[in-house]
Amino acid sequence: MQSSKGGGMDRVNRLAVTLVASLIGLFVVAPMFVVVPMSFSSAQSFEFPPPGYWVGYYEKFFETPGWLIPVGNSIFIGSVSAFLTMLLVVPAAFALVRRQFRGKNIVRLAVMLPLMVPSIVMALGYFEFFGIIGLNQTYAAVVLAHTCISIPIAFLVVAATLKGFDRNLERAAISLGANPLQTFALITLPVLRPGFLVALLFAFVHSFDESVIALFISGRDVATLPRKMFDSITVDADPVIAVVSTLLIGVVLIGALIGHYREIAALFSSGRKSGLAHAR
Amino acid sequence: MPAETPTMVARKSLSERFGTLLLVAPVMIFIIAVFIVPLVRMAWLSISDPKLSLDNYVMLFSSALYAKSMLRTFLISLSVTLICIFLAYPLAYYAATRGNLWGRFLLIAAALSFWISFIVRTYAWLVILGNRGPVIDILKTVGFEPAPRVLFTTTATMIGLTHILLPYMILALYSVMTKIDGNLGRAALSLGATPFRSFIKVYFPLTLPGLVNGCVLVFIFCLGFYVTPALLGSPRDLMVAGLIATEVQDLLQWGLASAMAMLLLAITVTLLTIYDRLIGLDRLWG
């Protein structure tokens, strides 16, 4: 927008918006990063700024089964439930996107339902339900519960991928003599794979981060990482939680760098370009 | 791809119908067994434990403890939603209208925090607001002696919830704002409107769908939020989710806890249904 009239006032306004937006951005980002210095703190409790620095709590994290086992549990539960989610969601998405049938709206609604129920309600329901059938504090219970809440999210991604798929590719394969199975394996699946992987990742992360249901049904034996972190805050104020938090943030940042590599590269090159435009 | 006509549907072969059934049956069986059954059991428990009656529901509305908790939950959710609007709007506006490097950076930062678990973010606030944290230090320096308690209060809950839910509001607003044609504002200006008037009359109404979207998400999340209030809030001033957990874990009041959960569920579903009628549920999650 170019306006010469009232240019000075305009610039003040623009600067004010920039400043306010940046401060709010700081409020979104900065609090998370207090966990980084905290993880190197030598304090026994949650003290900030830290009185001294060491890496002792990193050593403690990598030496304590009480921390490593929940990490393993979360990865295991997340992986199994992500695959189970895809196994259930992909066929249903094919039917809902490509076929017309009676009761279609009911199926669509059923698949989306778990998204509408607050986790505390599901947590209470599962606590009672798995208690009655004797599954509380087992991997099976947590996997089933997490699969259920991941279904809507995975479905949204898979259905969107399927809708964007050009079926002429399949028709071309068939007309060239491929049978339906070959078409699916050689054409359909490879084209859809990126979308499916995103859905798989969403389902995994949804399970990995889920805390409320895990708090109720995972018990000590199959405790997930969020549950262990919750306990470490409420029960023993264990400073190792800062190490775990830092590592988790690190994983997200690395994932973002890999996932958004092109965008980030474009971001920097476009920044340079606009800088050049200014110079000219 | 041409849409299938009703006659094509009618002519569908038996084997194709069987195929559809085979595709849809697994997920339907799973949803019924692992989703519907636990909820129906809970509904039953809410009217049958300890005895078959509506006592639990009567209790919810007649006892001051539960009524207060519900009112508190409602007020906290409303405040957090309003604060989120005021914080998210300038940031989303900046990112959507400037289209510069810094704007995109702010937006990516907001989107990234989606991926960082609630517990990590809540823990960060536990440190910041804690007795030996920077906020208390600053309060002491400024002259509050002894410094007021911040952690384990409703204020702390609201700060934590705002921080966690703000990205939802930012992205909901941003997705609408990027689609607004900048020429509309310019047209208003050229026709003699002041920038403020042009914003209020032209820009703001166009962002309303995103605003409603963000509000529904934030408000509903707030109503049922457990972890953050449990870690940052006061154990005496529980929100509904915290009360449900206490009822069942400490007091073994299954019927009462179930009744409370059913009420929370009913409110959530009602809000989402109204939203669905007005705007359409598909829009809510992009």
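Tutor: H6(A) and H13(B) pack at an angle of about 145°, with axes 9 Å apart. Axes are lines fitted to C-alpha atoms, for helices over the stretch in contact, and angles run from 0 to 180 degrees between N-to-C directions. Helices are DSSP runs (H or I, at least four residues), numbered from the N terminus. This is a predicted model: local features need pLDDT of at least 70, side-chain atom pairs count only at pLDDT 80 or more, and totals for chains, interfaces and linings use all residues. Residues are numbered from 1 along each chain as its sequence is written, with chains lettered from A and ligands numbered from 1 in the order written.

Student: Which residues of H13(B) make the contact with H6(A)?

Tutor: B:Trp254, B:Ala257, B:Ser258, B:Ala261, B:Leu264 and B:Leu265. From H6(A) come A:Ile120, A:Val121, A:Leu124 and A:Glu128. Contact means C-beta atoms, placed from the backbone, within 7 Å.

Student: And H6(A) against H2(B), what angle?

Tutor: About 90°, with the axes 9 Å apart. That makes H6(A) roughly perpendicular to H2(B) (65 to 115 degrees). A:Tyr126 and A:Phe129 are among the H6(A) residues there, and B:Arg41 and B:Met42 among those of H2(B).

Student: Zooming out, how many residues of chain B are in contact with chain A?

Tutor: 70, against 65 residues of chain A. H2(B) gives the most to that side of chain B, with 16 residues.

Conventions
Two residues are in contact if their C-beta atoms, placed from the backbone, lie within 7 Å. Helices (H or I, at least four residues) and strands (E, at least two) are DSSP runs, numbered from the N terminus. Angles under 35 degrees count as roughly parallel, over 145 as roughly antiparallel, 65 to 115 as roughly perpendicular and the rest as oblique.
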